[in-house]
Every structure is written in structure tokens, then in C-alpha cells.
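Reader: I have a protein on screen and some questions about its fold. Can we go through them one by one?

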Amino acid sequence: MNEEFDLRAPTHQLLQSLTHRSSDFSAALEEVRRRGDLHDAVRQVLAEGSTEARILSLVAIQGTSSNSATAELAREALRDDSPKVRCRALSILADQRDEIAPREVITLLDDPDPEVQVQAIKVLASMEPIPIQLSRLFSAPEERKRITVIQVAAELPIRSLAAEMRTAVRDPSPRVRAAAVKALSRVVEGSEYELMEALHDTDEHVRLCALENLNLENLSANTRLIANMLSDPSPRIRIVALRTLEKTSHHSLCGELRPLLDDGTDTVRQAAMSALASAGCFEVSGDLHSIAMGTNSDRDRVAALDALLKFGQTYLSPLLHHALRDSSGRMRARAAEVAQGAAHMLLQDLTELVVKDPSANVRSAAVRSLAKCSTAALTPLSRALRFDPQKRVRVAAVHACASFADLAFPYLIWGLEDPDAQVRQAAVRKLHNLNPARSATHLLNLYEHEGNEKVRAEILDALIISGTVVEQPLQRIERARTLFDPGNTSRVMTTWSRDLTRYPDSPGLAFYNTGVVHELDQSSAEEPYRYEVDGDQLRIYLGEQLLDATSFSVTAENCIDAYGVAHDCFRLTITRGGHWIGLEGEPLHLFSFNPQ
């Protein structure tokens, strides 16, 4: 239960009652920071308050303008019984470097609490010049201190400690050596010699850190060094070396990569296949065929199949007929996925999988590949749509049937009768996309007795966009939801059009500040809309075609998200409506959250 503050109470009493659980904690913090007796009150709380009150009283003075008074209180708190209070005091002193001497912090390097030691090292590392005690920590008897000072030196970074870092690479402790190797590139310029030395370290983890660091430093220049690690006794290191070399695609490495096809570790063999294919080592295609058709593990066979796919369909096609009959469901599923490029030659094989295979993964993959076949594929696809016991196979069949345009219309009607709402929803969307006018009657019939709100919302959207009048539209709360921006570049994240009448899971339209309007239907491969702002006009494009040029306005409002939580948001109103998405003659409203 939230605690409340009496904001009129004396400052020390207010500080005593500070707790993060209080509903008006921020208001109380603001109030005490405005008062002239704050520092005196903090001193009183440090003497007699609870641990949480002492910590939060230090929070209250952190960042205040009175540097000397704040630093003096922080120095007093360094002697507090609680390590959490001492850590907070050190963080304050890190901001008050001009007010403290190194000796006040150095004593805490031997603090019984490890976190206090770490914070003390960070404070010393922030000082200028760097105290000599910090460099002496590289030879401290405690392994944790040596690792911590290395990590802090890399985090800041502190290049004046380059000599100490080079020495740490030869530390007796493998954990210290590994930390030093990771930090080398951030602290030491020209650390190739130390990294080469670390590649021959007796400890596997140190060698692995050195290998990963070489990858970051200069991959092309270090190709030969990395190739030497292919013979390392550790499978982990051989795998990292293979995956690193795969990025270079050097055909000259084929001779060194090929022996790893016979490695004793399966994951090494699979990484070798991928690296050989990426390097264009076509001379190993026969080896890969043998592996894919042999008695190796199913993971080996799948890896060989994927490697041949990189060589091109010519190398893969002769193998697919056999792979689609493999004893492993994993292999059959992967073969069915990659068969799309040669689906017209494998119609019978794919049909057998759709009808008979016991694995839903295999049947789904085969259904997706049949979408690339001739119209003869409609027979097995319609069978999957009507009779497959797994809904994900039936959903895949809906999408696959839709690729045959109007020919698929009667089959998609069956999807409207499916017992699963997800299949019906997919069928509604595809029918509407194929032929809005022809599908309207069927959608109205379904709308009258449909009990699932998501399906009803999908139908309603389709009917509204096609201009069909609905006498009793659904009543929904206006909702909004933040969308995921994969580029992490958006300033506002939008939800749906038509005053948010779509159901909560609809992705709708997203305006990103990258200048692109994304129609975020995961099942759609449509080209995203591009937009430009020119003065007071918003221009919407599809490719190079100008779809709309209209005035717009943005107003601050309050939106409810899909979980019923209120957020500050913006309403973007496109004045002339969005005829480019099927809405005519009325303003188009898009809502976007104000990101926190």
C-alpha cells in the first residue's frame, strides 16, 4: 500500500519518511530540494534515520548547487554502517571531484563490501590526474580488484593505463587475463602483439577472448591468424574461428576449411559447411551431397542442404527429391521450405507431404512451397485448408491459396467456416484483398453470427473500406498501442486509422521519422508508404507515385492503450482523408504515443 507524505512537515521528518513506495515520492523530493535547511536535515537523518531514509536523503542532495556542503555530507556518509549508503555517498563524490582528495576514497578500496570497492575504483578512475593507487591495483593480491580496475579502465576508457593493461595480459589468473584481453582494444593502441600472444594462452576462455577481439580490431588483416585457430583443441574456438572467417568469404581458405567437414564435433562440422559455402568453395559440393544423403545426424544433413542452397538451385535441385523423403522431420521440413525455387518440379512430392506427413511443421512448409506451383496445387491446398488437424497448417493454406488470385475464391470461402477464429480471420482478410465486392455478401453473412471480436473487427474493417453499409457496427473503446520500431529511430509511434476502430491486435499504420509509413501487416508484402512534410502539407507516396498531398494537424491528447492504461499521445489528422488506403471524404486520424 502506498504511503503518503505530509509536505508541510519539517524537512528532517519529511526525509525520515521518504520511501520509494510512496505515491507522491517525486513531489516530496522536489519539496525538500527547495528548502533552505536541506543539508542540516540530511545530517540529522544520516545520524538517526533508517537505511532507506539515509540513502534517499543522499539522493535528495545529489545534484544540488551547494557543492561543498554536499561533498561534506557525502564524506560523512562514507563511514556509514550500510554499504548501500557508502555506495551512494561515493556516487555523489564522483560528481564532486573538485571537493575531495584521493585519500578519502582510497581507504574504501579495502572495504569489506565488494560493491563499495567497485564504486571506489570508479571514483578514483574519474579523477585527474589518475591517482597512482589506481595503477597499483593491477597488482593487488585480490583477483576481484584486479578485474574491476581493468573493467573500469576499459569502460571510461583510461589510455594512461595502457602499460598496466599490457602487463595484465600475463597475469597468473586466467580470469584476469581474459578481462585484460577484452579491454585491450579500448585502452591500448596497437595491441596486436598482445592478442597474438593471448591466442596461444593455456586457458580456453582467454584464447576465445583474443579471437573475438581480433575480429573486432581488423578482420581482413587478421584472417591468417584466425585461420590458424581452426586447429585449436577447443571446439568452441574452432566454431568462432569458422564463423569469423565466414564473414571474409576468402576462396583461398577452402583448403583449410575442408578438413573440418570430418571434425569430431557436430557443431564444428556444421559451421564448416556454412563457411565453405560462403567462400564459394564449389569443389566441396560433392562432399555436401554425400553428407545430405548419408547417415550423418539430421542436423548435419540440414546444414549440408543449407550450404548447397548458397551455391544455388542448380546444386540443390537433384537432392530435393531424396531430402523430401528423409527419415528426419527436421530435414523434410527444411527441404520443403527450400523447395520453393523448384516447386513446379516437385509438385507430387510436396503434395504427398501435405496429405500424409505426420509433422505439422513439414506440412506447413510444404503448403507454403505449393503456393509457388501451378494451379494444380489448389487441390492439395484446398484439402489442407478443409481437413488438416492443425490450425497453423490451415492458416498457411489460406495464405497459399490466396496466391492463385480469383481461382482461389471458392476455396477461401471454406476458411470462413473453419472452427478456429485465427483461420477465419485470415480468410476474411484474403477474401477482401482478392475481391472486395464479391466477398462482401459472404462477409456480411459471417458477421451476423460471428462470436469472436477479432474476426468481427476484421470483417467490419473490410466492409467499411469496401463501402458496404453495416447497420449495427461493433462498439469498441478507443485504444492505442506503442509499436516496435526495429531501427529505434522513431520519435512517435502510431496506432490505427479511423479513430482507432480496429481491434487491439491490429498493427495498423506507423509513421516513423525516417520518412516511411509502414503498413505493419506481417502477412502482407506490400511496399511501405513513403511520406514527406513540405511546409504545412503532408505528401504520401507509394514508390514514386504521389498518392495524396493534404494539410494536416497535430494535437496533444490522452489515449488508452490495449491494456487499459492512459498515456499522453498525439492525434495526427490528415485533413482530406486517406483515400490511398480506401477511406474517402473524411479526415483520417492517426494516434501516436508521446514516448517516455
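Author: First, a definition. Helices here are DSSP runs of H or I with at least four residues, and strands are runs of E with at least two, numbered from the N terminus. The model is a predicted one.

Reader: How many helices and strands does the protein have?

Author: The count follows those DSSP runs. The secondary structure comes to 31 helices and eight strands.

Reader: What share of the residues is buried?

Author: Buried means under 20% relative accessible area. The protein has 596 residues. The buried share of them is 51%.

Reader: Of the contacts with a separation of 6 or more, what percentage comes from residues 24 or more positions apart?

Author: A contact here means heavy atoms within 4.5 Å. Among the contacts with a separation of 6 or more, residues 24 or more positions apart account for 53%.

Reader: How many disulfides does the structure hold, and which cysteines form the link?

Author: A disulfide is a covalent bond between the sulfur atoms of two cysteines. The structure holds one disulfide. Its sulfur atoms are 1.8 Å apart, and the pair is C254 and C281.

Reader: Where do C254 and C281 lie, and how many residues apart are the parts they tie together?

Author: C254 is in helix α17, residues 254-257. C281 is in the loop between α18 (266-278) and α19 (285-293). The pair therefore ties together parts whose separation in sequence is 27 residues.

Reader: Is the link of C254 and C281 left-handed or right-handed, and are the two cysteines buried or exposed?

Author: The angle about the S-S bond is -85°. That link is left-handed. As for C254 and C281 themselves, both are buried.

Reader: What about C87 and C209: buried or exposed?

Author: The cut-off for buried is under 20% relative accessible area. C87 has 19% relative accessibility, so it counts as buried. C209 has a relative accessible area of 3%, so C209 is also buried.

Reader: Is α22 roughly parallel or roughly antiparallel to α24?

Author: Helix α22 (residues 329-338) packs against helix α24 (residues 360-370) with axes 8 Å apart and an angle of about 10°. Angles under 35 degrees count as roughly parallel. So α22 is, relative to α24, roughly parallel.

Reader: Which residues make the contact of α22 with α24, and how do they divide by class?

Author: From α22 come G329, R332, A333, A336 and E337. From α24 come N361, V362, A365, A366, R368 and S369. By class they are five nonpolar, three polar and three charged.

Reader: At what angle do α8 and α10 cross, and what is the handedness of the crossing?

Author: The axes of helix α8 (residues 114-125) and helix α10 (residues 143-155) come within 10 Å. They cross at roughly 40°, and so α8 is oblique to α10. The crossing is right-handed.

Reader: Which residues meet there, and what are their classes?

Author: α8 supplies P114, E115, Q117, V118, I121, K122 and A125. α10 supplies R144, K145, T148, V149, V152 and E155. The tally is six nonpolar, two polar and five charged residues.

Reader: How many charged residues are in the contact of α20 with α21?

Author: Helix α20 (residues 298-311) and helix α21 (residues 313-323) pack at about 145°, axes 7 Å apart. L305, L308, L309 and F311 of α20 meet Q313, Y315, L316, L319, L320 and A323 of α21. That contact has nine nonpolar residues, one polar and no charged.

Reader: Is A241 buried or exposed, and what does it contact?

Author: A241 sits in helix α16, residues 235-246. Its relative accessibility is 0%, so A241 counts as buried. L230 is 11 residues away in sequence, with a C-alpha separation of 6.3 Å from A241. Leaving aside neighbours within four places in sequence, the contacts of A241 are L211, I226, M229 and L230.

Reader: Is D40 buried or exposed?

Author: D40 belongs to helix α3, residues 38-48. Its C-alpha is 9.0 Å from that of T11, 29 residues apart along the chain. The relative accessible area of D40 is 56%, so D40 is exposed.

Reader: What is the phi of A405?

Author: Most residues other than glycine have a negative phi. A405 is in the loop between α26 (391-402) and α27 (409-415), and it is partly exposed at 37%. Its phi is positive, near 55°.

Definitions and conventions. Residues are numbered from 1 along each chain as its sequence is written. This is a predicted model: local features need pLDDT of at least 70, side-chain atom pairs count only at pLDDT 80 or more; totals for chains, interfaces and linings use all residues. Side-chain values use heavy atoms; hydrogens and water are left out. Buried means under 20% relative accessible area, exposed over 50%, partly exposed in between (1.4 Å probe, protein chains only). Axes are lines fitted to C-alpha atoms, for helices over the stretch in contact, and angles run from 0 to 180 degrees between N-to-C directions. Angles under 35 degrees count as roughly parallel, over 145 as roughly antiparallel, 65 to 115 as roughly perpendicular and the rest as oblique. Ala, Val, Leu, Ile, Met, Phe, Trp, Tyr, Cys and Pro count as nonpolar, Asp, Glu, Lys and Arg as charged, and the others, Gly among them, as polar. A disulfide is a pair of cysteine sulfur atoms within 2.5 Å. A crossing is left-handed if the near helix is turned anticlockwise from the far one by less than a right angle, and right-handed if clockwise.
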